[in-house]
Amino acid sequence: MLIKVLGSAAGGGFPQVNCNCRNCADVRLGKPGLRARTQSSLAVSGDGKAWALLNASPDLRQQIGSTPELSPYALTGARSSPIKVVVLTSGDVDHIAGLLSLREGLAFTLYASERVLGALTANSVFDVLDRRLVPRVPLPIGKPVELALFGISLGLTMEAFPVPGKVALYLEDPAAGSTLGTREGDTIGLRIGDPATGAGFFYIPGCASVDTVLAGRLRGADLVLFDGTLYSDDEMIAQGLSTKTGKRMGHISISGRDGSIAALRALGIERRIFVHVNNSNPVLRQDSPERAEVERAGWEVAFDGMEIRL
Ligand code: MLT
Ligand code: MN
Ligand code: ZN
């Protein structure tokens, strides 16, 4: 199984168009120790030929352009694409807007929770994806499925499970109180497996907290790619970028007693990688104390183009 990180940044990317935080300003200037990052997405393949995208970011066209494996191969006909499947883990704009770059008659299976498929149905712009070419398949929660397009298997299995999170920003319901109307299926995690080798990995780019159910699921995993949005819960407030905490945005922080380093420390996970990293996060600076801290704790910080073989 081959995994490619197409985009390692959170919503807005790095640098973000309207952001002049220290990280964004410095990466724009080309200062050493920082690299630009596009928005949240992975590609995975069992055979290196047929690919599944895990989330479709607004930067998808650029990501495909810098990933030769995702362009049509020679002698495959006038119209073709190695992209056979797209899976969505939330309805957030950074995870769905790239679907609009996959129109033009491309055929792929679109898997998402009932909740997220409902959001797509309610936004008629997504009807540019012809349902005869792009079947929309509701993800069974907790039951593995084989990734396939029109009955042809990609040789990979996928299990989707709900994780603590928050409904997409544009669907928040202030009248619903502190839950903002969040329901099961708004944020899911995935386990992708290769039945030929037994290898598998978890992909959880958005997660509000690690409860005992999630910790149990991740115990002993080979590889976990996990929500690395913020280092500290109040970092966007402290930098004058926003009035929201990480908790309010549905994202666990990396540091702190209830942060992800602590929560995933003793679970015997072989390899742990932060994805969906917000531009305010000090771990984006190679020479920061926070980056040293996550590395000391055994974590890696994903970068665009990162390749992992399992
Ligand atoms: C998030 O991960 O919190 C969202 O992508 C925020 C956004 O919509 O930009
Ligand atoms: Mn996001
Ligand atoms: Zn910034």
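Which residues does Leu218 touch, not counting residues up to four places away in sequence? They are Phe202, Ile204, Val224, Leu264, Leu267 and Ile269. A touch, or contact, means heavy atoms within 4.5 Å.

## Basis of the model

This is a predicted model: local features need pLDDT of at least 70, side-chain atom pairs count only at pLDDT 80 or more, and totals for chains, interfaces and linings use all residues. Residues are numbered from 1 along each chain as its sequence is written, chains are lettered from A and ligands numbered from 1 in the order in which they are written, and side-chain values use heavy atoms, with hydrogens and water left out.

## Nonpolar cores

Leu218 belongs to the largest nonpolar core, which has 33 residues. Ile204, Leu218, Phe226 and Val294 have the most contacts inside this core. A nonpolar core is a set of buried Ala, Val, Leu, Ile, Met, Phe, Trp, Tyr and Cys residues joined through side-chain atoms within 4.5 Å. Buried means under 20% relative accessible area, exposed over 50%, partly exposed in between (1.4 Å probe, protein chains only).

At least two residues of the core come from each of helix H1 (22-28), strand E10 (200-204), helix H5 (212-218), strand E11 (223-227) and strand E13 (299-301). H5 gives the largest share, 3 residues. Helices (H or I, at least four residues) and strands (E, at least two) are DSSP runs, numbered from the N terminus. A second, separate core has 32 residues, among them Val5, Tyr111, Ala199 and Ile273.

## The sheet

Seven strands form an open sheet in the order E6-E5-E4-E3-E2-E1-E14, with mixed pairing. Strands E6 (136-138) and E14 (307-309) are at the edges; each has a single partner strand, so one side of each lacks a neighbour in the sheet. Two strands pair if DSSP finds at least two bridges between them.

Strand E1 (residues 2-7) pairs with E14 in the antiparallel sense, over 3 bridges. Lys4 stands opposite Glu307 in E14.

## The zinc site

Four residues coordinate the zinc ion (ligand 3) at 2.3 Å: Cys19 (SG), Cys21 (SG), Cys24 (SG) and Asn279 (OD1). Donors are N, O and S atoms within 2.8 Å of the metal (3.2 Å for Na, K and Ca); water is not among the atoms, so sites may look incomplete. The donor residues are spaced C-x1-C-x2-C-x254-N in sequence.

The site is tetrahedral, with angles of 105 to 118 degrees among its 4 donor atoms. Four donors count as tetrahedral if all angles lie between 85 and 135 degrees. Cys19 counts as buried because its relative accessibility is 7%. Cys21 is buried too, at 6%.

Technical notes. Four donors count as tetrahedral if all angles lie between 85 and 135 degrees; four count as square planar and six as octahedral if opposite donors are over 155 degrees apart and all others between 65 and 115; anything else is irregular.
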